[in-house]
Amino acid sequence: RFHRMQALLFAVLDIVRPHVVTTPIRQIEARRGAIRRRFAPLRAEARTVARLLRAEPARRWRLADLAAVVHLSTAQMSRVFTKAYGQTPIAYLATVRVETMTRLLRETDLPVGEAMRQVGWNSRGHASAMFRKIVGLTPSQYRRQNREPRRAAA
């Protein structure tokens, strides 16, 4: 039965094949390297920087501060981190801040402006733009759609 099904499939594919159009896969040079390095072990310096950024997202981080902690130049630290995580340390920090802010918006009644300040953003416009860029919604829209229901006190 298998061979009959295989023959039937190939007969159908012979008829359909001329009508299927494929385009060559195009990859940007930077993306080719990212795919190849996906499962490469992360350098300890990159893990340390990521751990620092996750531990204190509200802190006003500078590349020089992060580089000093891992004993690399700022350019080398940025290259190592970008190679490991696929984004710059500052872009990673923005992602961490947005993750923290989404949790605050879901789980607390803090005003949006206060949540922004707690994650380290002082400019409401910049924070809202970064949040929308990463999440696809404004912070207020996100809160309306994702607020966890409150339990009544017993």
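A residue is called buried under 20% relative accessible area, exposed over 50%, and partly exposed in between, with a 1.4 Å probe and protein chains only. The model is a predicted one, in which local features need pLDDT of at least 70 and side-chain atom pairs count only at pLDDT 80 or more, while totals for chains, interfaces and linings use all residues. Residues are numbered from 1 along each chain as its sequence is written, and side-chain values use heavy atoms, with hydrogens and water left out.

The chain has nine helices and zero strands, where helices (H or I, at least four residues) and strands (E, at least two) are DSSP runs numbered from the N terminus. Of its 154 residues, 27% are buried. If contact is taken to mean heavy atoms within 4.5 Å, then residues 24 or more positions apart supply 56% of the contacts in the chain that have a separation of 6 or more.

Helix 3 can be taken as a worked case. Its twelve residues reach 16 Å from the first C-alpha to the last, close to the 16 Å expected at 1.5 Å a residue, the expected span being 1.5 Å times one less than the number of residues. Which residues of helix 3 are buried? They are Ala46, Val49, Ala50 and Leu53, and because they cover an arc of only 100° around the axis, they lie on the same side of helix 3; the arc is that of the directions from the helix axis to the C-beta atoms. An α-helix has 3.6 residues a turn, so residues three or four places apart point the same way. Turned away from the buried side of helix 3 is a face that carries the exposed residues Arg51 and Ala55, whereas the cover over its buried residues includes helix 4 (63-70), helix 5 (74-85) and helix 6.

Helix 9 (residues 139-146) can be read in a similar manner. Pro139, Tyr142 and Arg143 are buried there, and they sit on the same side of helix 9 because the arc they cover around the axis is only 100°. The exposed residues Arg144 and Gln145 are carried by the face turned away from that buried side, and what covers the buried residues of helix 9 includes helix 6 (89-107), helix 7 (112-118) and helix 8 (124-135).

The charged pairs come last. A salt bridge requires a side-chain nitrogen of Lys or Arg within 4 Å of a carboxyl oxygen of Asp or Glu, and the structure holds six of them. In one, the side chains of Arg54 and Glu99 meet at 2.9 Å, N to O, a pair that links distant parts of the chain, with Arg54 in helix 3 (residues 44-55) and Glu99 in helix 6, 45 residues apart. Arg54 is partly exposed at a relative accessible area of 42%, and Glu99 is partly exposed at 38%. Another salt bridge joins Glu56 to Arg59, whose closest N and O atoms are 4.0 Å apart; Glu56 counts as partly exposed at 37% relative accessibility, and Arg59 is partly exposed with a relative accessible area of 37%. Asp65 and Arg62 also meet through their side chains in a salt bridge, at 3.5 Å from N to O, and Asp65, at 25% relative accessibility, counts as partly exposed.
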